[in-house]
Amino acid sequence: MAEAADVVFVDGVRTPFGRAGEKGQYWDTRADDLIVKAMIGLLERNPNLPKDRVDDVAIAATTQTGDQGLTLGRTAAILAGLPLSVPGYAIDRMCAGAMTSVTTIAGAIAFGAYDIGIAGGVEHMGRHPMGTGADPNPRFLAEKLVSPDALNMGITAERLHDRFPELTKERSDRFSMLSQQKVAAAYAAGKIQPDLVPVAIRSASGWGLATQDEGMRPETTMDGLADLKTPFRPHGRVTAGNASPLTDGATVSLLASADAAKQLGLGVKMRMVSFGFAGVEPEVMGIGPIPSTEKALKRAGLTIGDIGAFELNEAFAVQVLSFLDHFGIDDEDPRVNPWGGAIAIGHPLAASGVRLMTQLAAQFAERPDVRYGLTAMCVGLGQGGSVIWENPAWTPGSGKGAK
Amino acid sequence: MATDFSKLVSLDPDEVVTHSLVRDVTLPSGKVLALVTLDNGRDHTRPNTLGPNTLLELKGVLEGLRDRAAKKEIAAVGITGKPYILAAGADLSKVDQMADRETGVLMAKLGHATLGMLSELGVPSFCFINGLALGGGTEIALNATYRTVDSSIPALALPEVFLGLIPGWGGAWLLPNLIGIENALEVIISNPLKNNRTLKGSQVLELGIADAMFGPATFLEDSLRWADGVLGGKIKVKRKNEPGKLERAVKWDVAIGIAEKTLKSRIGEVAKSPYRALALLKAAKNTDKATGFAAEDDALADLIAGDQFRASIYAFNLVQKRAKKPAGAPDKALARPVNKVGVIGAGLMATQFALLFLRRLQVPVVITDLDQERVDKGVAGIRSEVDELLANGRIDSDEAGKLRGLISGTTDKADFADCDWVIEAVFEEVGVKQQVFAEVEQHIAEDAILATNTSSLSVDEIGSKLKHPERLVGFHFFNPVAVMPLIEVVNAKKTGDIALSTAMVTAEKLRKNAVITTDSPGFVVNRLLAKLLGEAMHAVEQGTPFETVVEAQKPFGFPMDPFVLLELVGLTVGAHVLDTHHTTFPERFFESKALHELADYGHILEKDGKGKVTGYDKKALEIVAKHRPADATPLSADELRIRIEDGLADEIHRMLEDGVVAAAEDIDLCMILGAGWPFQMGGATPYLDRVGASQRAFGDTFHHPPIRGVE
């Protein structure tokens, strides 16, 4: 019989994120090369891990064709120099791809089937624009199962503004400006860089090296945001300034059973407590993280008040605000995305989940007063995903989060 | 200081320029490295090359970086290439059009002035050898302060000596001072002469050419991190092969002496470039860089202006280009697919064929002979060759299993029924060959192709008894079959285009170079060797000392002298070849009665216990003396040399008049690939033109203008 095990997050890294499109730093870099370089960086940072001990590799991408096709987990494992005995597979849950890689590998570890797994995701939105090659079933429309508007994420964000009139454009803009400022401050303090794997990039001016996120706009002001166009609706509220930009990037993490981590001398940055995924109406996919978080909390026997650190994916500012309102959390609560989020850093769909985890893990290391943290995100076609983590550095009685 | 390179630049207005792109890279420490990427804007099938415009652009870029270094804007300079390629060396496409020695000097100086800057930037320079590096590409790396190499590069080499040049952009001085004299001799002289052997990444590291090696997946990232470590002092670069005082005082001259001796015994003293390289390496022991580079300028200019380099480039282009697009080859689409091969015969030659077809075509091969015992022996022999390939790691066990399964033997020619291609390797006699083909033709499909490996018989005559003579083609291999790259494909009068096309496509699949010839005696290689060997045997029969004969042919620079060659091919075979040619062309080709008797006796050369030639066998000399006619006239070395030169020129001229091959280029290609005639001769015709033999023999030259230097 397989024996149930605790699942730990050993480490996570990512490539710097690039702006999608011809002018972006990764335009001439393959998507699979991004995930491979991230994996090599992860393996180099964990030299104690014998490569043949990796039981499986799960890599997510939303558009699984071309350089994001061919069963990414397997191809990336081979290209990253893992022994051929290590298997791998590909995952797709759109924006929650990497998060699902983590929970799927975690499930196998928890069940006792695996000791060690690699989980991550990649999205090269420049080479693979959202929805490329999709062929939605005509029944969606004929039977009014899913409105065509539900396939355009910007329109779903506008709809959140309609549904919750208290979520104003001004609140969205302010949240976005602060996200930019928080990321800039985190960069200045050197919080982000340690988990970045530099990537050699080809360009019209020769080889270069990508060492930081490309989409950041620290100079953002409320006035500047107010003037931006609302591409999804005339006189709408969603702009390029209060949404995450189209982004290229890859993330990857190393998961283990607590016993295997101990035996191999691997560091433990987080312990997985619970996770949950949930579905909502596709037309308001942004609220997906609310039910998924409720599920995860319930399974963990926790309440929202037990969470001391939040890493929420900022697909759209309005969508994060809907979550905060639901749980009665202030827009500027310092527990929420203290180093900023996807609005500034970028959101390479299937890669973002592990970025949230890597950033939460880095905060855990600095915050022994925090016991529990949440990573959560919305997903296209009306879903949400949430994972609750425990801080191994937590010291009982040191403050908030102590039960 | 400011040399005018315009004369050089104007040589090629259409140069494919390799651009020097620059980007600043911030290293982990915060230091800035200016990274130069060499990129000609084409894909990997058109490697970066270094022509005059390319060098001038790089020079300008490096001058700019030197200024930025002085302003402390950058802490280092890196240089690397486009994917898979650093640089494939100097652009030699127009070098044969240089009108004078001075242009050659400019080419040497521009290379030095440009590449030399990599050590004069005021900050350290790093070459990240990311891919193919040949000649000048390798010298870019050598001129840098530090080097890293990608473990997966296809090749790094200094092949200049192979082409009749020397590494003249710093290589000849820098390399021995970096990796020691013995290693440098290997890279600069031995490897080019060993069929242009190249180095893999691990050898580049081991020899000390590179200071560090990284895997391909993150080569540039790792190299940049390493460079940061070197700049910050965290990484200390140790060069274990760098020559010390002791090496310079003791080992250096000894190594040069040994190398010179080896060279003389291996290739003689005709080829100039190895000896120029040797002289430069010798001097590099105790000269400074400026002196070393000046000596390279001189040597490079001399060689570029000389005959041998022009002939070498001509030969190189034949082997690289013409060999890949054989003249007169019919449309490839006509070729029949070859999905099963039959080999008639189970002897040594037949089993060599069977193994080659098996390995390259990966289709069923069936061999046949007169009795089961011979067939079984043949099949067992091939299977044991397969085992050997497996043991040597040349193939894996799955492929070995596949090959063992694909070979079979039979005594029943009915088993050839479904063969698409049947080749014979039976006794060299028309009747025998006619008979085996007639027998096979009863069983095989109407459109199956027949091939004969005859070296001296008429293909049309062999095919004269066939119901379908158009399916027969000559397919003449050279021994040893696995090694020699040439096949003479004989397009006999009756040979049809389908058979010819199938032969050409099959030769390519066998990874051989095929040249199409008519059905004429000796085709190309044996006819010219018969000329040469006939003259040699005739001369000794006339009382010319063996030593004089050897002396007479020395200026050609052949890979071996006529008597060594005769012993290699076998004296019986040699005598037979002379007979055949004498029978057809009695007025131009000598037969040799002495050679027949020598064949019966067994040898010409006297050898010591280790097989080293020590002289001529006394009995052999007696046999030759016995055949001396009363009116014999010994020849002087010069007289004989001129006879050979003029005889070859005349014979080649006749062959071209008769259309044996499409052009003089094909004769040269055959002699280079089939007889190992040297690049510096350009095969045969450039040499014959430049020594005046063509003029003497037929009042013209083969090439217009002749392929020769401007010295």
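Strand S7 (residues 146-150) of chain B pairs with S9(B) in the parallel sense, over 3 bridges. This pairing belongs to a predicted model, in which S7(B) and S9(B) are part of an open sheet of 6 strands with mixed pairing.

- Within the pairing of S7(B) and S9(B), Thr148(B) has Ala212(B) of S9(B) as its bridge partner.
- Helix H2 (residues 52-70) of chain B packs on the sheet, where it touches S1, strand S2 (32-39) and strand S3 (76-81) of chain B. The direction of H2(B) makes about 25 degrees with that of S1(B).

**Strand S2 and its two partners**

- Of the 8 residues of S2(B), 7 are buried, which leaves the strand mostly covered.
- S1(B) and S2(B) run antiparallel and are joined by 8 bridges; in this pair, Val25(B) stands opposite Leu33(B) of S2(B).
- The hairpin of S1(B) and S2(B) has 5 residues between the strands, and Gly30(B) takes a positive phi near 100 degrees there.
- S2(B) and S3(B) run parallel, joined by 6 bridges, and Leu33(B) stands opposite Ala76(B) of S3(B).
- Together, S2(B), H2(B) and S3(B) make a right-handed β-α-β unit.

**Helix H12 of chain B**

- Helix H12 (residues 307-320) of chain B has its end C-alpha atoms 20 Å apart, in agreement with the 20 Å that its 14 residues should span at 1.5 Å a residue.
- H12(B) is mostly covered, with 10 of its 14 residues buried; among them are Phe309(B), Ile313(B), Tyr314(B) and Leu318(B), as well as Asp307(B) and Arg310(B).
- The cover over these buried residues includes helix H11 (289-305), helix H26 (664-675) and helix H27 (685-690) of chain B.

**Contact between chains A and B**

- Contact involves 15 residues of chain A and 15 residues of chain B.
- On the side of chain A that touches chain B, two or more residues each come from helix H1 (31-45), strand S6 (199-203) and strand S7 (206-210) of chain A.
- S7(A) supplies the largest share of that side, 4 residues.
- The residues on that side of chain A comprise 9 nonpolar, 5 polar and 1 charged.

Methods. Residues are numbered from 1 along each chain as its sequence is written. Chains are lettered from A and ligands numbered from 1 in the order in which they are written. This is a predicted model: local features need pLDDT of at least 70, side-chain atom pairs count only at pLDDT 80 or more; totals for chains, interfaces and linings use all residues. Two residues are in contact if their C-beta atoms, placed from the backbone, lie within 7 Å. Ala, Val, Leu, Ile, Met, Phe, Trp, Tyr, Cys and Pro count as nonpolar, Asp, Glu, Lys and Arg as charged, and the others, Gly among them, as polar. The expected span of a helix is 1.5 Å times one less than its number of residues. A residue is buried if 20 or more other C-beta atoms lie within 10 Å of its own, exposed if 12 or fewer, and partly exposed in between; C-beta atoms are placed from the backbone. Two strands pair if DSSP finds at least two bridges between them. Axes are lines fitted to C-alpha atoms, for helices over the stretch in contact, and angles run from 0 to 180 degrees between N-to-C directions. A crossover is right-handed if, with the strands pointing away from the viewer, the path from the first strand over the helix to the second runs clockwise.
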